[in-house]
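I opened the model to look up a few residues one by one. My notes follow in the order in which I checked them.

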Amino acid sequence: MLNAFWVVVVGMAIVFASLLVLMLVMAGLGRIFKPREEKQKR
Amino acid sequence: MELLKELTGLFAIDWQTVVMLLIAGVLLYLGISRKVEPVLLVPIGTGVLLTNIPLSGLLEMGKDGAVLAEGVGLFALLKQFGIATELFPLLIFIGIGAMIDFGPFLQRPYTIFLGAAAQFGIFGTFFLVYWLGQGGLGLLPFDAYQAASIGIIGSADGPTSIYVSSILAPALMPAIAVAAYSYMALVPIIQPPIMKLMTTVAERKVRMTTSAADIPQRVKIIFPIATILVIGFLAPKATPLIGALMFGNLLRESGVVEQLSATAQNELANIVTILLGFTIGGMMTGAEFLQPWTIAIFIMGIVAFVLDTAGGLLLGKIMYVLSGKKVNPLIGAAGISAFPMSARVVQKVGLEADPYNHLLMHAAGANTAGQIASVTAGGAILVLIPRFFGG
């Protein structure tokens, strides 16, 4: 059952970590490709 | 008399034949008369009907188990080329990807974590089934591979459920597929009681600000490519699923292949749905389906959906606290991959608490995030089970 426990913990960690990286990548791309009007306002 | 036994199926009828033909009738009734998921239940019901006619030969393999040989049955052929190769679920995912607008999610990227939390049902159910099975109490006959295949019902995603279970426990796949699709249709019944149990009226009334920011088209184009790279490198076994899903989405968002996007959303999705449903039904013979463990699969399937909903809601409540009561915890329930049904359920439950509180777009963000999360979880399962349990 210890192995099953590790599957749960590592599995959820993989899911969260993967999606965190994806979110950071998309946040970065969102800043790079922000529309010009918004950048000019800043 | 012997000649009659060989020529007609009448003498080969047993109780399993009768029960399965009744099940076929129920599926067809639900699909046609009650319009419950007809796109799936009509092909599945017809497949069940055909395959349970004795002596039909629809599941027969050729000589020495050959597939491309004279006398191979239709369902044997479709099973080998579409299910055993995982081709059908991947093709369907191209169509699904072309149908999904990830805009609401991209406007609210934090909802990605709600999608992640709502996959707890996959892992929690795996643990529970294995503990009840060969890993602990021995009440169920399931090993780790089978427990994981049952747990994947919690992905609330037909293609992912079929893909993972056809690799880890092919014998259970038909029952798992029927359970997954059935519970996806039953989300409006399964989720609301859990949502009301785990949240207070005050929490359900929280109004969330609507984001007016448009997502630049370039971001929408880069998103599927970035997702393939990120998820592919971090959870490589998920690459076929996420690749197919994001390929479909790229067809949609690129804006230069509208005819391909339209084909993916319509003709491709419909053709593969016909073949997939028909084949799944065709694999449901009495001998395989009418086993005690089939009931266990259906019961644990509900457990998976309950744990999914609870996991998403729990993180939703944490976000509610950490955000200073600005996030409505209900949207956590939409983190399961049953798109768009779950988002609509969140909208409905939210409106019951406050008739002017529209949560749909926020829930849609979590719902589409859940699609990515469920595929990632499926990939994680495919790596972890052989790693920790051998094979």
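This is a predicted model: local features need pLDDT of at least 70, side-chain atom pairs count only at pLDDT 80 or more; totals for chains, interfaces and linings use all residues.

I listed the contacts of B:Ser149 first, leaving aside its neighbours within four places in sequence; the residues in contact are B:Val164, B:Ser165, B:Leu168, B:Ala169 and B:Ile176.

Next I looked up where B:Ser149 sits. It belongs to helix H9 of chain B, which covers residues 144-151.

One of its polar atoms is 3.0 Å from the backbone oxygen of B:Tyr145.

I turned to backbone angles. B:Leu55 is not a glycine, yet its phi is positive, at about 65 degrees. I found B:Leu55 in the chain B loop that runs between helix H3 (38-51) and helix H4 (74-83). The relative accessible area of B:Leu55 is 56%, and the cut-off for exposed is over 50%, so I noted this residue as exposed.

Which phi does B:Glu86 have? I read a positive value of about 60 degrees, and B:Glu86 is not a glycine either. B:Glu86 lies in the loop between H4 and helix H5 (87-99) of chain B. With a relative accessibility of 16%, which is under 20%, B:Glu86 goes down as buried.

For the record, I have a positive phi for B:Leu55 and for B:Glu86; B:Leu55 is exposed, whereas B:Glu86 is buried.

Methods. Residues are numbered from 1 along each chain as its sequence is written. Chains are lettered from A and ligands numbered from 1 in the order in which they are written. Side-chain values use heavy atoms; hydrogens and water are left out. Helices (H or I, at least four residues) and strands (E, at least two) are DSSP runs, numbered from the N terminus. A polar contact is a pair of N or O atoms within 3.5 Å; within protein, one must be able to donate a hydrogen and the other to accept it, and residues adjacent in sequence count only if both atoms are side-chain atoms. Contact means heavy atoms within 4.5 Å. Buried means under 20% relative accessible area, exposed over 50%, partly exposed in between (1.4 Å probe, protein chains only).
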